[in-house]
Amino acid sequence: MLSYIIRLDDACPNMNHRRWREIEKLLDKYYIKPIVGVIPESKDELFSWNTDDNFWNVTVKRYIDKDWIIAQHGCYHLYHKTAEGKMSEFVGLSYEEQLKLIKKGYEILKGHGVKPKCFFAPAHTFDDITIDVCRDTNYFDFISDGNSLYPYKYRKMLFYPNLFDTPYKILPFGVYTFVFHPNFITDKQLNDLETFIKKNRKYFIDFENIDSNINKNRQKTFIDKSIENTINIMRRFKYKLLK
């Protein structure tokens, strides 16, 4: 089985609206319904485009009406430096601190009439406490993150993993989530994405008609952990090179 999912990160009132409309138009053209990570209350100065006062009641409502999956993308999209030197909104914080952040973000979305179906943390940085909070609050159906070839259960939470940020057809099997940041997407990336979709449209799935062959109760395996450890080593090595 081979399946593809598109994930779009960092939707907020002051996002790059022109680029977001371009990728929305592209996905609509091929009837692809992505996961959209909405920041409940963005305080990240990185997103400094004009504020859209109609973001919640027009843009996000339009995504919902199209059956796009709305994800809670952190809370404020603000980072602290962890003991390991990573930048994260959640890693290293206590259960109570993470619970406060996730509940705050959820209540903000709820106040705008949005009920997120999944969660993912900024910069792919989260820990077991983050997972436990997501499980205990029972806010989300799944977490969009992790490193594996197939969805899996870990700490009683369902994960739809993302091994690669950009669309690569690496193996003839697996469930791949391709992650895009529309605020900074280039013309070339948009063109490459459309070329890839044209060649592989039949493999793209949406969560309203999820493939019944996907085992949503599959537990995290030794192979999953090996893939995750390998990728973490590669990321640490890349981080050291960039320092």
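Start with Ile170, which has 48% relative accessibility and therefore counts as partly exposed. The cut-offs here are simple: buried is under 20% relative accessible area, exposed is over 50%, and partly exposed is in between (1.4 Å probe, protein chains only). You'll find Ile170 in the loop between β9 (157–159) and β10 (174–180). Those element names come from DSSP runs, numbered from the N terminus: helices are H or I with at least four residues, strands are E with at least two.

Before going on, a word on what you're looking at. This is a predicted model, where local features need pLDDT of at least 70 and side-chain atom pairs count only at pLDDT 80 or more, while totals for chains, interfaces and linings use all residues. Residues are numbered from 1 along each chain as its sequence is written, and side-chain values use heavy atoms, with hydrogens and water left out.

Now for the cysteines. How many disulfides does the structure hold? Zero, taking a disulfide as a pair of cysteine sulfur atoms within 2.5 Å. Cys118 is in no disulfide, and its nearest cysteine sulfur, in Cys134, is 9.6 Å away. That's too far for a bond. Cys118 is buried, because its relative accessibility is 0%, and Cys134 is buried too, at 1%.

Next, the rings. A search of the whole structure turns up 20 aromatic pairs. Rings of Phe, Tyr and Trp (its six-membered ring) pair if their centres lie within 6.5 Å; planes under 30 degrees apart are stacked, over 60 edge-to-face, and the rest tilted. One of the pairs is Phe55 with Trp56, edge-to-face at 4.9 Å centre to centre and 80° between the planes. Both of these residues are buried. Phe142 and Tyr160 are also edge-to-face, at 5.0 Å and 70°. Phe142 is in strand β7 (residues 142–143) and Tyr160 in the loop between β9 and β10, so this pair ties together parts 18 residues apart in sequence. Ring pairs also link Tyr4, Tyr176, Phe178, Phe196, Tyr203 and Phe204 into a cluster.

Lys43 lies over the face of Tyr76, 4.2 Å from the ring centre, and the charged end of Lys220 sits over the ring of Tyr154, 4.5 Å from its centre. The test is NZ of Lys or CZ of Arg within 6 Å of the ring centre and within 35 degrees of the ring normal.

Last stop: the backbone. Most residues other than glycine have a negative phi. His77, however, has a positive phi, near 60°. His77 sits in the loop between β3 (69–73) and β4 (80–81), and is buried at 4% relative accessible area.
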